[in-house]
Amino acid sequence: MNNLLTDSFVDDAQGHGDIEMGRRVPASTSDMGMEAFNKQMQEVEKQVEKLSGLLRKLKDANEESKSVTKASAMKAMKKRMEKDIDEVGKIARNVKARLEAINKENLTNRQKPGCEKGTSIDRSRMNVTNSVATRFKDLMMEFQTLRQKIQDEYREVIERRVITVTGTRPDEQTIDQLIETGKSEQIFQKAIQEQGRGQILNTVEEIQERHDAVVEIEKKLLDLQQIYLDIAVLVESQGEILDNIESQVSTAVSNVQSGTVALQNAKKRQKSTRKWTCIAIIILLIIVAVIVVGVLKPWKSS
């Protein structure tokens with residue numbers, strides 16, 4: 001199967017022309033702008049791959065955070081994750097802007113001879129752009145899934161901390177209060193009295209750091225949701241355009257096939273007509289010959 005990004009695909013489109021549109025693609029227009037287009041898409045793909053790597057780092061960091069029990073370690077992890085999320089936001093906004101610009105260029109490119117809507121060049125550009133945009137959209141969705149996962153697991157971690165310190169399972173209201181405020185000292189008052197403030201203090205600080213980290217990380221990941229929504233709209237619109245193009249192409253192919261069948265039938269009818277015409281002429285000549293012989297009666301003259 002031809003890779004849409006290869007030169008062979010473009011060369012094929014240039015060399016054979018666009019039969020569906022009834023036009024031959026001019027060979028003098030170089031690569032119809034595909035070289036510049038492919039370069040842009042490769043750069044966007046590199047950025048998308050960076051996002052994929054950052055997503056893996058954040059997932060690993062989230063798994064690591066579950067076993068953190070010291071406030072200082074949680075603080076360091078918070079800074080590390082926030083730095084990665086800031087980088088994600090920067091790259092994601094850049095990718096979104098570039099994909100939107102490329103989509104506009106694709107529509108403008110249809111004004112060029114040989115690159116009209118539905119041509120092989122146009123379909124190639126639209127398919128490649130839609131493929132990369134879809135992958136980017138899916139990545140943005142994974143970041144939102146990670147945000148929800150962090151929230152769900154945060155609740156579990158807090159519950160385990162309370163059980164470890166107090167020896168009893170907290171009720172839902174207590175967990176909700178800790179998640180909302182991050183203030184845990186009052187909840188641990190009894191444990192502080194029994195075990196001493198020094199032994200409980202690190203857990204209190206770690207819960208506060210974890211609360212601050214989750215709140216900040218959730219806020220930053222939530223900012224990516226708008227990028228996801230915007231790119232989802234772009235992918236949907238491109239999908240509709242591609243469906244429309246494919247429908248037109250299918251119709252054109254069907255029309256060409258119907259035309260071919262009609263021509264073949266016409267050719268057969270033409271051959272049949274010629275055959276019967278020749279037979280009719282021969283019969284007519286025979287009749288004329290018989291009449292002439294009957295009128296002249298050459299045997300009487302002799």
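Contact here means heavy atoms within 4.5 Å. The model shown is predicted.

**View 1. Overall fold of the protein chain.**
The protein chain contains 8 helices and 0 strands. Along the sequence the pattern reads α-α-α-α-α-α-α-α. Of its 302 residues, 37% are buried. Consider the contacts between residues at least 6 apart in sequence: 75% of them join residues at least 24 apart. The accessible surface amounts to about 18,100 Å². Carbon and sulfur atoms account for 54% of that surface.

Ser-65 sits in helix H2, which spans residues 34–65. Its relative accessible area is 6%. The cut-off for buried is under 20%, so Ser-65 counts as buried. Which residues does Ser-65 contact, leaving aside its neighbours within four places in sequence? They are Met-74, Met-77 and Arg-210. Helix H3 covers 71–109, and helix H7 covers 197–296.

**View 2. The largest nonpolar core.**
This core has 50 residues. Leu-99, Phe-136, Met-140 and Phe-143 have the most contacts inside it. Helices H2, H3, H4, H5 and H7 each give two or more residues to the core. H4 gives the most, with 13 residues. In soluble globular proteins, nonpolar side chains tend to be buried together.

**View 3. Met-140 and its partners.**
Met-140 is among the residues with the most contacts inside the largest nonpolar core. Neighbours within four places in sequence are left aside here. Met-140 is then in contact with Leu-51, Ala-92, Leu-224, Ile-227 and Tyr-228.

**View 4. Tyr-228 on helix H7.**
Tyr-228 belongs to helix H7. Not counting residues up to four places away in sequence, Tyr-228 touches Lys-137, Met-140 and Met-141. How far apart in space are Tyr-228 and Phe-143, C-alpha to C-alpha? The distance is 9.5 Å, for two residues 85 apart in sequence.

**View 5. Helix H4 from end to end.**
Helix H4 covers residues 120–166 and has 47 residues. From its first C-alpha to its last, H4 reaches 69 Å. That is close to the 69 Å expected at 1.5 Å a residue. Just after H4 comes Gly-167, with a positive phi of about 80 degrees.

Helix H5 runs over residues 172–181. Thr-174, Ile-175, Leu-178 and Ile-179 are buried in H5. Seen down the axis of H5, these buried residues fall within an arc of 130 degrees, so they line one face of the helix. The face turned away from the buried side carries the exposed residues Glu-172, Gln-173 and Glu-180. Gly-182 follows H5, and its phi is positive, near 80 degrees.

**View 6. Cys-115 and Cys-278.**
Is Cys-115 buried or exposed? Its relative accessibility is 1%, so Cys-115 counts as buried. Cys-278 has a relative accessibility of 45% and therefore counts as partly exposed. The structure holds 0 disulfides.

Terms used: Residues are numbered from 1 along each chain as its sequence is written. This is a predicted model: local features need pLDDT of at least 70, side-chain atom pairs count only at pLDDT 80 or more; totals for chains, interfaces and linings use all residues. Side-chain values use heavy atoms; hydrogens and water are left out. A nonpolar core is a set of buried Ala, Val, Leu, Ile, Met, Phe, Trp, Tyr and Cys residues joined through side-chain atoms within 4.5 Å. Buried means under 20% relative accessible area, exposed over 50%, partly exposed in between (1.4 Å probe, protein chains only). Helices (H or I, at least four residues) and strands (E, at least two) are DSSP runs, numbered from the N terminus. The arc is that of the directions from the helix axis to the C-beta atoms. The expected span of a helix is 1.5 Å times one less than its number of residues. Accessible areas come from the Shrake-Rupley method with a 1.4 Å probe; for residues, only the protein chains shown count as cover. A disulfide is a pair of cysteine sulfur atoms within 2.5 Å.
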